[in-house]
Amino acid sequence: MYPMNLRDKIVVITGASSGIGAITAQMLSKRGAIPILVARSEDKLQAIAAGIQGKFGMYTCDVRDSARVEEMFAEILHVYGRIDILLNNAGYGKFADFTEMPTEEFDDMMDVNYMGIVRCTKAVVPHMLERGSGQIVNLASMAGKIGTSKSVAYTASKHAVLGFTNALRQELRKSGVVISAINPGPIATDFFKTADPTGTYVKNVAKMMMTPEHVSAKLIKTMETGKEEVDLPGLAAFGIRLYGLFPRLADKLTYNAMNKK
């Protein structure tokens, strides 16, 4: 199965109306794949679709809506006959002190960032199991491995994503269905218009920011190779290993560097 040629592969991308989702869709199209763009806003989807030269599909869906998720994936399977790859990219974050973050925001971030992935994956996996092939790529976050201040709700949702991804990978390991996680650090996208409206965090981590094009290229490489987990940037992989060995010491040593919000 791997390395995979993405030509003519049906790739469903949630959160495709901007940022990583939109750029990945465009890059996939250039490789001959057929990206299926999914997001809540039809207007934004149409704007992104205008920049795609090859074949593509477009569906409006809120990943919080279980009935619509099931209906949409049934439509995609009816039209295209299969789904080769699902990129679970939809998500958002907000940064604030724990005492100031309403519990409703905890609920909504978990509903979108975690349960959205559960709903979409649940709609696709039975089809992939029947075919004996396919890949689920979950856009998680470095926040799912290392907690930082003022991101308690977002971090918790991404920890849930990684726990789900790791457990499902083990469950499906011999099925032919590959489960992958991408764990990026900060990316220069519109994510921070909601997460960090004051711009304080973006300013503080400007030197660490990755371009969305870089992350999208890594996403596509993961689709081509079937790699199970990727930490970005590359140096972060070393930091994650160190954190796993000495978590409390790492917390103390990296407090000033990591807590920039």
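Student: At 15% relative accessibility, does D231 count as buried or exposed, and what decides the matter?
Tutor: The model is a predicted one. D231 lies in strand β7. The cut-off for a buried residue is a relative accessible area under 20%. D231 has a relative accessibility of 15%, and therefore counts as buried.

Student: With which side chain does the side chain of D231 make a polar contact at 2.8 Å?
Tutor: The side chain of D231 makes a polar contact with the side chain of K145 at 3.5 Å. The contact at 2.8 Å is made with another side chain, that of N183.

Student: How are α4 and α5 oriented to each other?
Tutor: The axes of α4 and α5 come within 8 Å and cross at roughly 20°. The crossing in which α4 passes α5 is right-handed. An angle under 35 degrees counts as roughly parallel, and therefore the two helices, α4 and α5, are roughly parallel.

Student: Which residues in α4 meet α5?
Tutor: On the α5 side, the residues that take part are V152, A153, Y154, A156, S157, A160, V161, F164 and L168. Those that meet them from α4 are F106, M109, M110, N113, Y114, I117, V118 and T121.

Student: What covers the buried residues of α5?
Tutor: The residues of α5 that are buried are A153, Y154, T155, S157, K158, V161, L162, F164, T165, L168 and R169. What covers them includes α4 (103-131), β5 (134-139), β6 (177-184), α6 (191-195) and β7 (229-232).

Student: How far apart are the end C-alpha atoms of helix α5?
Tutor: Helix α5 runs over residues 152-171, which is 20 residues. At 1.5 Å a residue, the helix should therefore span 28 Å. The distance between its end C-alpha atoms agrees with this, at 29 Å.

Student: How far apart in space are V63 and A25, C-alpha to C-alpha?
Tutor: V63 is placed in the loop between β3 (57-60) and α3 (66-80), and with a relative accessible area of 9% it is buried. Leaving aside neighbours within four places in sequence, its contacts include T14, V69, A90 and V112. V63 and A25 are 38 residues apart in sequence, and their C-alpha atoms are separated by 18 Å.

Student: What kind of peptide bond joins L232 and P233?
Tutor: P233 is found in the loop between β7 and α9 (234-245). For the bond that joins L232 and P233, omega is about -5°, and the bond is cis.

Definitions and conventions: Residues numbered from 1 in each chain as written. Predicted model: local features only at pLDDT ≥ 70, side-chain atom pairs only at ≥ 80, totals over all residues. Heavy atoms only, no water. Helix = DSSP H or I, 4+ residues; strand = E, 2+ residues; numbered from the N terminus. Expected span 1.5 Å × (residues − 1). Buried < 20%, exposed > 50% of the residue type's maximum accessible area, 1.4 Å probe, protein only. Contact = heavy atoms within 4.5 Å. Axes fitted to C-alpha atoms, helices over the stretch in contact; angles between N-to-C directions. Parallel < 35°, antiparallel > 145°, perpendicular 65-115°, else oblique. Left-handed = near helix turned anticlockwise from the far one by under 90°. Polar contact = N/O pair within 3.5 Å; in protein donor to acceptor, adjacent residues only side chain to side chain.
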